[in-house]
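Reader: I have just opened this structure and would like a friendly tour. Could we go through it together?

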Amino acid sequence: MKIKNITAIFLILLSIWILLNNQFQIEVMIIGVILSFVISIIMGSRITVFNELKFSLGSVFYTIWYLFVFLAELVKSNLDVARRVLTPSLPINPGIIKTKTVLKSKMGRMILANSITLTPGTLTVDIEDDILYIHCIDVCCEDIDKATAAIVDKFEKILVKIYG
Amino acid sequence: MGNILEIIGAVLVLLGSVFLFLGALGLVRMPDLYNRIQAGTKASTLGAFLTLFGLLLIIPEWWGKLVLLMTFILITNPVSSHVLARAAHYIKIPLTDKTVADLLNKEETTYKVNEEIKNE
């Protein structure tokens with residue numbers, strides 16, 4: 001468990017270091033590797049969010065696929081909100097509704113809530129265990145199952161494969 | 001080739017600023033805090049994304065830092081708007097008259113927050 005955690009932190013720190021320096025000389029790389037190694041050893045036992053990560057080819061593939069689905073939704077949501085803002089009558093129908101998630105891991109729930117916040121007219125207001133409270137700019141239905149099918153499902157079916 | 005990339009980049013920067021402008025317009029036009037957060041978050045995320053991506057096409061040497069910036073915007077933007085909305089709901093900032101449903105039980109959650117503060 002702990003080694004997985006340390007590896008995840010190490011890889012994230014090292015990639016940030018490389019991106020920030022933007023050069024691949026051997027001296028720069030050595031300093032980066034040493035620094036990220038020391039920091040990941042020190043912080044390894046304290047940061048626990050990466051414990052639930054699965055390292056496999058499938059999860060990498062689904063992460064990239066998720067990114068594409070997410071970016072498409074982001075563009076759609078922006079066009080939708082832009083249309084509402086520009087319409088003189090301001091066609092909104094707001095409200096806070098409940099939805100349910102099947103995700104168990106903290107990391108998966110966090111990514112789900114963040115994705116919902118960034119996509120078509122929805123904003124996560126609160127999470128209580130597996131219930132997500134979502135503020136919608138245009139409420140489709142107050143029923144918990146229908147709302148889940150409309151808002152949560154498209155992200156959830158991919159996230160389930162990454163985080164289980 | 002460099003010229004074409006530069007033109008595409010400039011168009012993307014322009015598009016990004018259009019989205020940022022729409023976000024600002026949304027902040028003025030929306031009736032209550034929650035809807036304003038909605039307009040603000042989404043427009044500013046895509047606007048910043050398009051602007052940075054356009055800059056990446058104009059000056060390709062900066063790609064590392066620009067990708068890092070995009071990642072941080074993507075991670076932090078929804079978190080901040082979620083926390084703002086949550087805090088606003090807990091101190092009972094009213095929703096607009098057009099609201100059709102509010103299923104988040106205010107009494108219960110406010111009580112729970114007070115208990116948490118006492119326990120700490």
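Reader: Into which domains is chain A divided?
Author: Welcome! Keep in mind that this is a predicted model. Chain A is divided into domain 1, residues 2–52, and domain 2, residues 57–163.

Reader: Is B:L55 buried, partly exposed or exposed?
Author: B:L55 sits in helix α2 of chain B, residues 33–58. A residue needs 20 or more other C-beta atoms within 10 Å to be buried, and 12 or fewer to be exposed. B:L55 has 19 within 10 Å, so B:L55 is partly exposed.

Reader: Which residues does B:L55 touch, leaving out those up to four places away in sequence?
Author: One of them is B:V13, 42 residues apart from B:L55 in sequence but 7.1 Å apart in space, C-alpha to C-alpha. With residues up to four places away not counted, B:L55 touches B:G9, B:V13 and B:L66.

Reader: How far apart are the end C-alpha atoms of helix α3 of chain B, and what span should its 28 residues give?
Author: Helix α3 of chain B covers residues 63–90, and at 1.5 Å a residue these 28 residues should span 40 Å. The distance in the model agrees with that, because the end C-alpha atoms are 41 Å apart.

Reader: What covers the buried residues of α3(B)?
Author: The buried residues in question are B:N77, B:P78, B:S81, B:H82, B:A85 and B:H89. Their cover draws on both chains, and includes α2 of chain B together with, from chain A, α4 (106–118), β2 (122–128) and β3 (131–136).

Reader: Which element gives the largest share of the side of chain A that touches chain B?
Author: In total, 33 residues of chain A are in contact with 36 residues of chain B. The elements of chain A that give two or more residues to this side are α1 (2–21), α3 (57–86), β1 (95–100), α4, β2 and β3. The largest share, seven residues, comes from α3(A).

Reader: And how many residues on that side of chain A are nonpolar, polar and charged?
Author: Sorting the side of chain A that touches chain B by class gives 20 nonpolar, 10 polar and three charged residues.

Definitions and conventions
Residues are numbered from 1 along each chain as its sequence is written. Chains are lettered from A and ligands numbered from 1 in the order in which they are written. This is a predicted model: local features need pLDDT of at least 70, side-chain atom pairs count only at pLDDT 80 or more; totals for chains, interfaces and linings use all residues. Domain bounds come from an automatic or database domain assignment. Helices (H or I, at least four residues) and strands (E, at least two) are DSSP runs, numbered from the N terminus. Two residues are in contact if their C-beta atoms, placed from the backbone, lie within 7 Å. The expected span of a helix is 1.5 Å times one less than its number of residues. Ala, Val, Leu, Ile, Met, Phe, Trp, Tyr, Cys and Pro count as nonpolar, Asp, Glu, Lys and Arg as charged, and the others, Gly among them, as polar.
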